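Dear colleague,

Please find below the structure that I am handing over to you. After it, I set out what was found, beginning with the whole chain and then turning to single elements and residues.

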Amino acid sequence: MTWHETERDWLSDALRAADPHDPTLCAGWQARHLAAHLVLRESPATAAGALRGGVAAATERLADTAADRAGYTALVDRFAAPPPRWSPLAWAGDAVNTTEYFVHTEDVRRGSGTREPRELPAGLAEVLWSQLVRMAPLRLRGLGPGVVLVRTDDVRSAVHRPRAGHGSVVLRGDVGELVLAVSGRLQAADVTVDGAPDDVQTVRDLLTGP
């Protein structure tokens with residue numbers, strides 16, 4: 001089993017453990033909206049229809065079918081089953097899905113107040129780290145301060161160079177916590193942020209969700 005398949009199982013379990021109306025870290029989304037997003041993302045035919053009518057509206061309509069436990073369970077079951085072989089996301093594998101599923105699992109867990117990080121298998125942590133250092137420069141593009149990510153085992157990566165007049169800000173934490181921070185969920189991540197006060201505030205403003 002690949003890591004994205006493992007993460008699919010963990011995400012499905014997290015959704016099943018939630019009430020359909022539980023909050024998530026995704027602004028304005030309850031657990032049922034997140035489940036709807038995941039189903040739409042993996043069904044090309046459904047997604048094509050959603051694009052014609054508007055993704056937000058399609059997500060809301062599908063989430064409305066999951067307002068009770070029976071409908072919600074059915075929607076989560078749709079996500080829990082892997083997409084058909086002809087879906088692009090079926091063959092995209094770890095490269096596209098691992099970080100996506102990890103972050104959304106934490107959206108469900110931490111949206112309702114859970115703050116304790118999961119203990120990640122070493123292999124999964126390395127996959128997440130590899131994807132993070134490739135994704136972070138795009139996420140931080142245009143930022144004045146530089147950003148250095150430092151794992152708790154002291155492996156580090158300078159993912160964004162400072163611009164003139166700025167220093168670098170250091171984010172330190174476990175790999176999964178750094179993934180959450182850079183994905184815009186700093187307020188829910190167990191990381192330390194060090195640097196000049198103005199630079200730290202600039203980074204916090206970018207990486208902290210509503």
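**Charges and overall form**

The protein carries 23 positive and 27 negative side chains, and 6 Å separates the centres of these two sets. Please keep in mind that the model is predicted.

Ten helices and four strands make up the list of elements in the protein. Read from the N terminus, their order is α-α-α-α-α-α-α-α-β-β-β-α-β-α. The protein is as compact as a globular protein of its length, because its radius of gyration of 18 Å is close to the 17 Å that the globule rule gives for 210 residues. Along the principal axes, the C-alpha atoms fill a box of roughly 55 × 35 × 35 Å.

Of the 210 residues in the protein, 46% are buried. As for contacts between residues at least 6 apart in sequence, 58% join residues at least 24 apart.

Strand S3 covers residues 168–173, and its side chains alternate along the strand. Val169, Leu171 and Gly173 point to one face and are buried.

Which strands does S3 pair with? Strand S1 (residues 146–151) runs parallel to S3, and six bridges join the two. Strand S4 (residues 192–194) runs antiparallel to S3, and three bridges join them. Here Arg172 stands opposite Thr192 in S4.

**Helix H9**

Helix H9 spans residues 175–185 and is mostly covered, with ten of its eleven residues buried. Those buried residues are Val175, Gly176, Glu177, Leu178, Val179, Leu180, Ala181, Val182, Gly184 and Arg185. What lies over them? The cover includes strands S1 and S3 together with the helices H7 (94–111), H8 (122–139) and H10 (197–207).

**Two residues in more detail**

Gly146 belongs to strand S1. Is Gly146 buried or exposed? Its relative accessible area is 0%, and buried means under 20%, so Gly146 is buried. Leaving out residues up to four places away in sequence, Gly146 touches His160, Arg161, Pro162, Gly167, Ser168 and Val169. For one of these, Ser168, the C-alpha atom lies 4.0 Å from that of Gly146, although the two residues are 22 residues apart in sequence.

Ala31 is found in helix H2, which covers residues 31–42. With a relative accessibility of 1%, which falls under the 20% limit, Ala31 therefore counts as buried. Which residues does Ala31 contact, leaving aside its neighbours within four places in sequence? They are Leu15, Ala18, Asp19, Pro20, Asp22, Thr24 and Tyr72. Ala31 and Tyr101 are 70 residues apart along the chain, and 14 Å separates their C-alpha atoms.

Yours sincerely,

A colleague

Terms used:
Residues are numbered from 1 along each chain as its sequence is written. This is a predicted model: local features need pLDDT of at least 70, side-chain atom pairs count only at pLDDT 80 or more; totals for chains, interfaces and linings use all residues. Side-chain values use heavy atoms; hydrogens and water are left out. The radius of gyration is taken over C-alpha atoms; the globule rule is 2.2 Å times the number of residues to the power 0.38. Buried means under 20% relative accessible area, exposed over 50%, partly exposed in between (1.4 Å probe, protein chains only). Contact means heavy atoms within 4.5 Å. Lys and Arg count as positive and Asp and Glu as negative; His and the chain ends are not counted. The place of a charge is taken as NZ of Lys, CZ of Arg, CG of Asp or CD of Glu. Two strands pair if DSSP finds at least two bridges between them.
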